[in-house]
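Dear colleague,

I am passing the structure below on to you, and my notes on what was found in it follow directly after. Please read them with the structure open beside you.

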Amino acid sequence: MDISRRNFLKAGAVSALGVGMAGLAGCAGQPKASADTSAAGSANGKSEDWLGNAPEIAVKDCDRTVDTEVLVIGSALAGSMAAYGAIRNGATVAILERNSCAHIGGMTISFFNSQTQKDANLPQYDPIQTANSMFNLTQYRSDMKLNALWVERSGELLDNMKKDFLDPYHQYYQPISLEGIFPDPSQEITSYISTGVAFSETDILTDFTHNIHQYLTDKGATTYYNTCAQVLVQDDSGAVTGAIATDENGKYVYYHATKGVIMCTGSFGSNEAMMKQFYTTHFADWALANNAYTAYMGSDPVTDWSMDDGTGHKMLCWAGAEMEEICGYASWQTTAWRSFPYLLVDIKGQRFMNECTSLLTSAHIIADLPGHGNYVWQIIPTNDFQMPSSFGYNKEAAAKMFDIEKTEHYQADSIEELAKMIDVDPAALTATVKRYNEMCNNGADTDFMKAKRYLDPIDDGPYQAWKMKYFFYCTLGGVRCNEKLQVLDSDWDPIPGLYAGGNTVGYRFGGSYESLLHGGSNGLAATHAYIAGLSASQA
């Protein structure tokens with residue numbers, strides 16, 4: 001077994017995002033409609049042009065047929081966990097990946113109340129309280145059955161992986177931290193639960209993905225790289241029997257699955273029609289202009305950079321599934337002193353939010369600002385005030401982690417001079433700072449209600465301005481699934497033979513990524529896909 005470690009991009013547009021980015025979402029050469037497209041639904045009265053018609057291709061047009069019991073489409077975190085669940089239950093598994101390697105973004109995976117965590121004397125969490133906290137933070141839009149699966153069964157997944165993979169493969173890979181990267185901070189906007197498990201010394205999940213694919217191969221799974229799924233195949237009853245894909249030579253291949261197909265195809269963030277269908281205008285335009293989905297690819301030999309194009313979601317809808325109408329997103333602040341809530345101003349020099357608002361959930365605020373750009377300015381005085389992090393970071397460690405000196409920043413002896421350096425109206429910035437200082441000195445932020453412990457007046461020069469950039473990473477919206485992760489049609493009936501995991505699963509988030517814990521999206525993706533694998537293997 002030959003597993004080599006890789007170096008991965010961890011600067012600029014890359015940051016600590018616990019987001020499960022799946023590995024396949026469609027490709028060129030669109031192939032036969034599996035079902036009536038009317039089941040796809042529409043959001044906010046918008047056009048359904050995003051869906052189009054399924055490719056006109058049938059099994060008879062295929063160059064060859066590959067037989068398997070469970071077919072997994074997409075090879076990243078969700079895909080690997082789906083394959084793991086199916087293999088653990090004795091099924092034969094084939095995995096389709098449009099690129100030349102498995103790849104992923106994100107840092108940690110959240111697990112609850114596993115024996116592994118208990119043995120490490122880590123806190124245990126009340127399942128009811130945690131599931132309901134998730135429900136609240138997703139604006140009551142997350143499916144409580146899916147929350148319950150995550151809270152109740154993620155520990156089972158970690159314990160099984162420890163037995164099957166972590167311990168036997170320890171010479172290649174060890175969890176670096178069962179405590180994730182945060183202590184258990186709290187702040188006034190929201191709170192965090194420390195359940196994330198980091199699996200590499202870089203805190204990036206790519207090593208984990210590559211190494212578990214070696215485990216899956218050792219256990220009999222076959223991964224077909226440079227192979228792009230095009231359309232699901234259904235029999236006369238509507239049951240899904242497999243998928244047609246193009247192989248590395250552009251030939252059509254029918255992958256026949258006797259037990260089920262699991263869709264783990266990731267984001268649709270680069271699909272302009274879908275973004276404008278499922279998001280507000282300003283945010284859709286902003287996300288398309290600032291999409292950094294591929295930022296985590298690092299030195300991986302990626303061959304298809306058009307990944308998050310939504311073909312996986314469309315394949316599901318062509319087969320009779322229905323997209324949720326309000327889709328979440330994941331974004332990130334990538335530069336400046338992120339998670340340290342200094343004064344923030346927009347391009348007009350005006351304050352616009354409580355700076356403690358989670359960096360995971362605030363991109364829509366940035367997208368709505370004048371100019372609809374992807375940056376704001378962090379204004380900092382020179383003093384000995386120890387600004388606490390609203391996300392649990394130690395400032396010295398954060399400076400090293402963020403490679404802070406690479407951030408564009410300026411320093412001046414006056415606010416007016418600083419404003420000119422950053423192309424902001426001096427009068428506006430001066431008025432903003434004056435108002436902010438008055439509230440800091442009075443001990444109460446009556447404009448945006450930032451907690452007193454973060455109030456530091458900008459009254460000690462020289463003054464600094466740090467350019468804080470935001471990037472969009474992926475969509476967090478998909479189709480409705482039941483507790484077996486079977487995909488449902490518009491009547492909420494299971495489509496036989498069809499399952500989903502990761503960012504193709506809908507009703508996990510509200511308007512954006514939740515801010516309850518680090519690794520939440522990955523935790524949902526891993527647990528749901530694992531259960532999908534178990535369910536499909538039992539069909």
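The expected span of a helix is taken here as 1.5 Å times one less than its number of residues. With that in hand, helix α1, which has 12 residues, reaches 16 Å from its first C-alpha to its last, and this is close to the 16 Å expected at 1.5 Å a residue. Please keep in mind throughout that the model is predicted.

As to the setting, the chain has 13 helices and 15 strands, and buried residues make up 62% of its 539 residues. Its accessible surface comes to about 19400 Å², with 47% of that belonging to carbon and sulfur atoms.

After the helix comes glycine 90, whose phi is positive, near 90 degrees.

Two packed helices are described by the angle between their axes and the distance between the axes. On the α1 side the contact is made by Met81, Tyr84 and Arg88, and on the α4 side by Leu157, Asn160, Met161, Lys163 and Asp164. The residues of this contact divide into 4 nonpolar, 1 polar and 3 charged.

Definitions and conventions. Residues numbered from 1 in each chain as written. Predicted model: local features only at pLDDT ≥ 70, side-chain atom pairs only at ≥ 80, totals over all residues. Heavy atoms only, no water. Helix = DSSP H or I, 4+ residues; strand = E, 2+ residues; numbered from the N terminus. Buried < 20%, exposed > 50% of the residue type's maximum accessible area, 1.4 Å probe, protein only. Areas by Shrake-Rupley, 256 points an atom, 1.4 Å probe, with all protein chains shown as cover. Contact = heavy atoms within 4.5 Å. Nonpolar A, V, L, I, M, F, W, Y, C, P; charged D, E, K, R; others polar.
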